[in-house]
Structure formats: C-alpha cells, structure tokens
Amino acid sequence: MNSKSKMVLAIIIFAGGWIIGSNNNVAPVITSSVGGASYGGGFQSDISVGAVPHRTTLGTVHIVNPGDSIQTAVATAQPGDTIQVMPGTYSETVYIDKDDIHLVGVIKQGNRATMDGLGKLNDAILYSGNNIIIENFRITRYKGNGIMGQAGNNFEIRNNVIVDTGIYGIFPQLGTNGLVEHNVVSGIEDAAIYIGMSDNIHVAYNEVFDSVAGIEIENSRHAIVEHNNAHHNTGGILAFVTPGLPIKTTEDVIIRNNFVLNNNTPNFGAPGSIVSGIPAGTGILVMAADDVIIEGNIISNNKTAGIIINDHSFATTITMDVESDPNSDRTMILDNVMLNNGYDTITEVTALALTELHTGLVDIVHVGPSNGSCIINRHRYRTLGIGNYGECDFTNTDSTDTYLLAGGAKPRTIDPEARGEIAYLGVCTGCHSYTGRLIGPSVKVIQAMYAGNPQGLADYINAPIKRRDNFPEMPAQNYLDAETQFAVAKYMLQVEN
Amino acid sequence: MGKLIAHNSNAGVIFCVYSLFFSVFLSAPLSLAKPFFSLSDQCPPSFSLNSDNQCQLRNLYQFYDSLQDRGLGGLKTALPEHRDGFSPQQIDLGRLLFFDPVLSGDKNLSCANCHNPALGFSDGMGRSVGAGGKVSQRSAPTLWNSAFLRVFFWDARANSLEEQAVGPLFSDHEMANTPQQLIANLSQVDAYPQLFSQAFPGSGDPLIIDNIATALSAFQSSLISLNSPYDRYAHGDANALSSAELEGLNVFRSFVARCSQCHTPPLFTNQQVAVIGTPEPTGLARDIGAAQTFNAERLRGGFKVPTLRNIARTAPYMHSGKFTTLRDAAEFYTKGRGHAVPEGETLLLHWHISDPKLTDTELDRLVDFMGALTDERFIPKIPDQVPSGLLNSKVNISLVTELGEN
C-alpha cells in the first residue's frame with residue numbers, strides 16, 4: 001500500500017469515527033510534519049532580504065539632537081537621506097511626505113530617542129512616502145497611533161518600543177511590501193500591531209502585550225506572522241475581514257511559530273470598535289479570512305479558546321456589506337502545541353459544546369460555514385465545530401520563507417512622452433488655452449516665444465518669473481522632476497489645438 | 001448689474017427682479033433668432049482626443065499606483081478607475097442638455113438648478129427643491145469628479161452615471177418628467193434631432209433615453225477637479241499648503257480625528273456606506289438611507305461617504321443639510337459617539353465614530369485644510385443659449401450672474 005492510499009483509508013476511518021461520536025476509541029491519523037509536502041502558498045516570492053531596496057549611494061546623514069525638531073530635519077532631508085535622532089525626549093508629530101527617508105533613533109547604552117506625546121499630541125510618526133525605514137525609537141503617550149503609514153510601499157518598522165500609546169502602536173495602511181519586526185508594543189487600546197488593507201507583509205519577532213489585540217491582519221493579503229510573542233492581550237493574533245472597508249478580502253495569511261499565551265486581559269477597547277467584540281481569552285481569531293494557515297504556534301492558557309474561527313454573522317455588532325464574503329474559507333491548521341485553552345469560556349462556545357457532547361477545555365472552535373478547511377493530527381486537540389475539516393494535503397509551510405517582493409514594489413513607469421501629455425493636460429490646460437487668454441497667456445503665444453527651445457520653457461516652468469503686468473504670477477511647477485518638466489515643455493511646444 | 005448687487009445685502013431678491021426682467025425682455029427675441037447649434041469637436045481641458053474620437057482623461061495621479069487598484073491611500077496614490085472615452089460631441093451635447101430646462105416636466109428646471117456650477121455643482125440648500133416647489137428628502141451632491149465614482153446617490157442605489165442620470169429626470173420630487181414626454185419635448189426643439197445625430201452618428205433614431213443618459217454622463221464625467229493646493233502638495237510641492245492647512249492635514253489623517261479613514265485620498269471618499277448618526281432637520285423623520293437600498297437594518301441611517309473635494313463650495317452639509325458651515329460639520333464628529341441619535345432610535349454606528357475630543361484649534365485647522373481641497377479651474381462654459389431657448393428663465397440668469405460675481 002503506498003502512502004497515498006493509506007492516507008485515504010485513514011481519512012475514511014477517522015471521518016467514520018467522528019460521525020459515530022468522539023468517544024469512540026478509534027486509532028488516530030498521526031501525520032508527521034517533519035518533511036513531507038509543503039504549502040505552495042497563494043503567492044510566489046523570490047527573495048528574503050527586507051522590504052526596502054538597498055541604497056546604492058548613501059545620502060546625507062542629518063543629526064537631530066535634543067532640543068531640535070525632528071520634523072525640521074525631515075523637511076530638509078532629500079530622498080536618499082538618513083535622519084539620526086540622538087537619545088533624548090522629543091514631543092512632536094513627525095510626518096514624512098517624501099520617498100526614501102530612513103528615520104533612525106540612536107540608542108546609547110540603552111537610552112533611546114523618545115517621542116513623548118504628553119497625552120496631548122495625536123500621532124507620533126506618519127508617513128506617506130515609499131521606501132521608508134523607522135527604527136529604534138521609544139514612543140509613548142500619544143493619543144492616536146505610534147507609527148502610521150498611509151499608502152507608502154516598501155517600509156521597514158523595526159526595533160521600536162511603543163508604550164501606552166492610543167489606538168494602534170504600529171499601523172501601516174494601504175501599503176505594499178512591508179516588514180514589521182523586533183518591536184515591543186504594549187498598553188494599546190486597539191491593536192499593538194495592525195496591518196490594515198495591505199499586501200505582502202512580514203510581521204516577525206515582535207513582543208505585543210497588555211493590549212486589546214496583539215497583532216491584527218485585516219483586509220490584507222499575503223502576510224506572514226511568525227516568531228512573535230503575543231501575551232496578556234484580550235486577543236493574541238487576529239486575521240479577519242472588517243466589512244464596510246473599501247478593500248474587501250483577507251487572504252493567504254500564515255501564522256506560524258508564535259507564542260500565544262495568557263491572552264485573558266479584560267477587553268478595554270473603545271465602544272463600537274471592532275476589537276471591542278473580542279472575548280477576553282482569545283488566542284488566535286480568524287474571522288471571514290480565507291486561506292489562513294496556523295502552524296507551529298505554542299498556544300496556551302487562553303481562557304475562551306486557543307483558536308476561534310468564525311464568520312460575520314457571529315459578530316452582531318458589525319455592519320453589513322454585500323461585497324464582503326462573511327465566511328472563513330480554507331482555514332488550515334497544522335501542528336501546534338496547545339495547552340490549557342478554553343478553561344473559562346464564553347456562553348456561545350459552551351452552547352456549541354453542548355451540541356457536540358463536549359465538556360472541558362477548548363483548543364479549537366469553528367463557528368459557521370467553511371469551505372475547504374483542513375487540519376492534521378486533529379486528535380491532539382479539544383475541538384468544536386471542525387467536523388467537516390478534511391486532512392490537509394501538506395504538513396508544513398517550509399517552502400515559503402516570505403511574501404516580501406524582490407527589490408520592493410516598483411513604482412509605475414511611464415515613458416517621458418506620456419508624462420509630458422499627462423502633465424500638460426492635467427495641469428497646464430487649467431490656465432492656458434490654445435488660443436486666447438484663460439489665466440495665463442495662450443499656448444500659441446508660448447509656442448512663439450519658445451520655438452525650438454524646450455529646455456528654456458522647462459526652465460521657466462521650474463522657476464517662473466513675472467513677465468506680464470496684467471497677468472497673475474505663475475506658480476512654480478518644481479514639484480515635477482526635471483525629466484517631466486522637459487517632457488511637458490516639449491509637448492506644449494507641439495500641440496496643435 | 002454686478003455693481004448693484006455689490007451694494008445690496010440681499011442678492012437673492014435682486015436675482016429675482018432681474019430674472020423677471022430678463023425673461024420678459026429676452027425670451028421673445030431668442031425664439032425668433034433661431035440660433036445655430038453645433039457641437040464641439042474638441043475635448044474639454046484635461047482630456048486627450050484619441051483616433052477613435054474619444055476623450056481620454058489625463059491627470060498627474062496617473063503617475064502612481066494604488067493597492068489592489070482601488071484608488072485609495074495617501075498622497076501619491078492613483079485615483080479609482082474612472083469613466084471616460086466619450087466623444088467631444090457627446091460631452092458637448094450633455095452640456096447643452098444639462099443647462100436646458102426643457103428636460104423637466106414643466107420646462108422650468110434644468111439639471112443646473114440643483115447642480116449649479118457656481119455653487120460647487122450643488123444648490124446651496126439643505127434639501128433640494130424640485131418640480132412644483134416640492135422639497136426633496138436630501139441635498140444635491142456635487143458632481144465634481146463623479147467620473148471616479150462607483151456608486152451614486154446618498155443611499156448608494158445606483159451603480160453608474162447613466163443609471164443616476166435618469167433618476168432625477170423621472171422623479172416626482174425632482175424634474176418630474178416621463179420618458180415619453182421628455183422625448184416628445186426634445187423632438188419639438190429644432191436643434192436637438194440633428195445634435196443627437198451628430199453625437200450619436202450611425203444610429204437610426206438617436207433621440208432616445210439611453211442617449212440622453214449617455215450625453216449627461218459624458219458631460220458629468222468631464223467635471224474634473226484635481227488641481228487644488230492639496231494636489232500640488234501631494235505631487236511634491238512642500239510649500240503648496242499654508243502652515244494652517246498643513247496642520248489641518250495632519251489632524252485630518254491622524255488616528256484621533258480619523259477623517260481620512262473614510263474620506264480617503266486622493267478622491268476623499270472611500271465610496272462606502274457609513275452610519276454616522278447625524279441629526280435630521282427639526283421635525284423630519286429619520287431618513288433610513290442605505291437600509292432601503294440593501295434591505296439591511298444594520299445600514300439604517302447609512303449614507304455614502306461623500307467626496308470632500310470642493311466641499312467649501314457646497315454648504316450646507318450632510319445628507320439633509322443639517323449643518324450650515326464646515327466648522328459645524330466637523331464639530332459633529334467630536335461631540336461624542338451617538339450624541340445626536342434620539343432616544344428610541346437604534347443605529348449601528350460606524351466604528352470610526354468615536355470620541356476624539358478635538359480642540360477648537362484642531363477644528364479650525366480641519367476647516368482650513370478642507371478649504372485647500374477647492375479647485376474649480378476646469379469649470380465648464382455655461383452655454384449662452386440652449387437649444388430650447390429656455391435658458392433665460394430665472395434660474396439660469398441668476399446662475400450666470402453669480403458666476404460673474406466670483
């Protein structure tokens with residue numbers, strides 16, 4: 001008998017045993033997770049070297065000393081520069097609306113650059129640029145978030161200590177390709193680390209505790225959460241879909257090799273927040289997320305359950321969204337060490353236990369429909385609601401190191417000619433019509449002045465000088481790069497209507 | 001005329017006086033003149049004409065990408081997918097139709113009555129007034145940047161510009177026309193049959209409802225506002241916002257105020273339905289909003305998140321105009337979760353409706369920032385005359401005058 005047919009037979013025996021009743025003493029299927037098939041994954045990545053592309057040339061290093069403003073340094077810095085913040089206390093909101101800035105706290109003999117919001121300031125660090133690194137800070141007493149990204153791609157947030165800071169400790173949102181590692185985050189009213197509406201994310205080696213949620217992967221795809229220690233939160237690690245958000249799915253999340261311990265802290269989330277509905281004592285929660293793999297975690301002493309998988313109908317306090325699939329499909333549970341979970345569970349779980357004649361501890365509970373879910377070595381755990389789980393056809397995720405992208409997420413490339421047309425039609429035509437005066441002189445007049453001299457026109461676009469008394473002064477278009485300025489000048493000189 | 005108005009505190013009265021004067025004075029000569037109408041063969045500014053005679057939108061946000069191509073994010077993020085590809089003739093026909101009162105049942109109201117370009121393509125009213133002076137349930141949304149929308153109306157009940165366009169035409173509370181009457185009335189106007197032929201060449205009978213909807217959609221999709229001071233900042237001009245506006249931006253996107261979580265750049269709406277629990281005007285029953293559209297009680301009192309572009313131009317605010325100023329509208333969010341929900345009313349409030357405790361200064365800065373979202377550079381030309389000759393009814397005179405006042 002080859003191994004495949006052995007497996008099939010075993011499944012039938014096991015399934016039969018399950019239907020007859022869990023008290024039947026049937027020999028369990030024991031699956032070795034050493035070697036064997038590995039998860040193919042929903043995403044093929046080809047590297048494992050961080051999220052921010054390596055710099056080939058080093059920019060200027062700006063030093064910020066106590067008493068100086070970090071934001072002033074950010075304003076001065078050019079893409080490619082590094083800002084080093086010396087140990088000391090800084091009370092400000094820093095925002096980075098440019099690309100390729102490394103904001104680095106300097107640690108001297110344990111003393112960190114500390115950002116203190118004094119209970120008054122909103123967020124500590126906001127960024128919108130691409131290729132941003134933020135590391136080595138201590139952040140405390142902000143009302144909003146510690147570190148928040150809005151749509152920046154290729155980010156690394158590392159080695160920060162975030163204590164008692166508002167809503168989220170670390171919250172990259174709407175970004176692609178990011179690494180969040182080696183951070184220590186505690187005392188957060190919502191999630192210590194919250195990955196929101198993002199793709200290709202790696203969250204590793206963080207310690208998150210004393211918060212409502214430890215690590216949340218929400219409406220995001222291709223995320224790996226590994227080697228974290230999530231303890232003493234209300235819920236340890238969460239992968240879910242929040243309905244009503246504009247990006248509708250959570251897919252392909254690997255939660256592996258984490259410690260998920262003692263997450264029994266009473267829920268102190270704000271009324272109405274999604275996490276305010278999490279029962280204290282939740283180890284790992286999967287809600288409406290698809291293709292979630294849970295492997296190699298040590299999950300213990302979570303009083304409601306070690307792993308809860310449910311759907312939106314279970315959560316009565318969240319909105320309705322026709323575009324959002326409410327079910328958790330294809331949950332895949334590989335080997336985990338689960339001890340003493342569900343020792344003081346909630347009434348909903350107790351009620352479900354009654355229907356399955358189950359008493360005592362609860363490691364895994366699945367509520368609601370689920371398509372294509374699987375588990376190996378189910379006999380090890382105290383389970384509820386996983387009767388329709390099949391056997392997984394793989395035993396590990398060893399072949400998937402990371403979902404980060406080689407060389408980073410690439411910016412959209414547009415050839416210069418197209419850039420010229422876009423800038424001309426998108427911007428210039430607001431003030432310049434082909435013939436006749438709009439706000440500035442007509443295009444025909446400009447064409448006559450700069451015939452055969454696109455560089456001259458590009459120079460003017462970059463730094464206009466007032467030439468005509470009866471016209472308003474043209475604002476400089478120096479936010480366009482030199483190549484685009486030249487392209488738009490060339491384009492403007494050849495338009496015919 | 002402008003001088004007179006400038007000296008008078010009640011401009012509205014003056015408009016009425018002048019409109020009476022003009023409608024008497026001008027309507028007769030116009031009907032005799034029979035002006036010749038032809039449609040433009042050029043795209044509006046910001047559009048490129050391709051070899052298939054289609055206008056293609058160009059804007060600087062096309063330099064960027066967005067997560068899952070949903071057009072949501074931070075500063076240098078692509079916009080959501082948009083509608084374009086209409087011909088210059090369709091856009092221009094749409095413009096004439098938009099300003100022509102012949103579209104309404106009583107030939108008194110044009111689209112521009114409630115979507116007045118001089119008022120941010122809204123009407124300055126809490127609840128719009130339709131045919132026969134009927135007050136509708138909700139306010140008129142701006143049409144700026146509607147090319148980027150996936151859902152239309154406050155209650156998100158339409159999924160395309162075309163579907164939206166026919167709504168008001170045949171609503172009793174709005175233009176109160178019928179499809180048969182509309183076709184008949186347009187057919188009786190000398191210019192329209194040949195204008196429809198120009199805009200829709202090759203079709204046997206171009207004067208049909210679908211083509212009216214297409215032309216109106218074409219015109220609406222040309223209303224592009226993407227050159228505000230904010231946009232210059234987003235594209236990299238660090239000096240484009242004043243320090244007050246910049247402070248406002250940081251409050252706006254902070255996770256204390258959380259404005260940008262739903263009014264997400266670059267369109268300043270995430271196009272989702274949100275239940276925020278604003279009060280109705282005194283004496284008005286709760287508008288259940290999207291609960292009706294989706295037959296879902298959880299969406300009771302839910303409305304589509306509106307764009308904030310040109311928001312400073314479209315007071316009053318919220319779905320039924322409860323708030324007179326932007327300051328009042330912003331302040332609503334900091335007066336406590338559910339503070340305006342009456343007793344006995346159950347609303348499942350959005351999770352971002354929290355208790356941010358914004359300071360007065362922060363509210364002021366938010367208003368400053370929202371002011372930096374104003375850009376009306378591509379405002380379309382209001383036709384001097386419309387094919388029906390009905391342009392110089394009272395609304396259109398006041399419309400032209402107000403524009404002149406800007």
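In this predicted model, helix 5 (residues 161-169) and helix 8 (residues 209-220) of chain B cross at roughly 110°, and their axes come within 8 Å of each other. Helix 5 of chain B is therefore roughly perpendicular to helix 8 of chain B, since angles of 65 to 115 degrees fall in that class. On the helix 5 side, the contact is built from L161(B), E162(B), A165(B) and V166(B), while helix 8 of chain B brings I209(B), A213(B), T214(B), L216(B), S217(B) and Q220(B).

Turning to the domains of chain B, the assignment gives domain 1 as 2-225 + 380-405 and domain 2 as 229-371. Contacts between them involve 34 residues of domain 1 of chain B and 28 residues of domain 2 of chain B. For the side of domain 1 of chain B that touches domain 2, the division is 15 nonpolar, 13 polar and six charged residues.

Ten strands form an open sheet with parallel pairing, and a walk across it meets them in the order 3-6-9-12-15-18-21-24-27-30. At the edges lie strand 3 (88-90) and strand 30 (337-339) of chain A, each of which pairs on one side only. Neighbouring strands of this sheet are turned against each other by 10° on average, direction ignored. Within the sheet, strand 12 (residues 161-163) and strand 15 (residues 184-186) of chain A pair in the parallel sense over three bridges. One residue pair to find in the structure is V163(A) with its bridge partner in strand 15 of chain A, S186(A).

Technical notes:
Residues are numbered from 1 along each chain as its sequence is written. Chains are lettered from A and ligands numbered from 1 in the order in which they are written. This is a predicted model: local features need pLDDT of at least 70, side-chain atom pairs count only at pLDDT 80 or more; totals for chains, interfaces and linings use all residues. Two strands pair if DSSP finds at least two bridges between them. Helices (H or I, at least four residues) and strands (E, at least two) are DSSP runs, numbered from the N terminus. Axes are lines fitted to C-alpha atoms, for helices over the stretch in contact, and angles run from 0 to 180 degrees between N-to-C directions. Domain bounds come from an automatic or database domain assignment. Two residues are in contact if their C-beta atoms, placed from the backbone, lie within 7 Å. Ala, Val, Leu, Ile, Met, Phe, Trp, Tyr, Cys and Pro count as nonpolar, Asp, Glu, Lys and Arg as charged, and the others, Gly among them, as polar. Angles under 35 degrees count as roughly parallel, over 145 as roughly antiparallel, 65 to 115 as roughly perpendicular and the rest as oblique.
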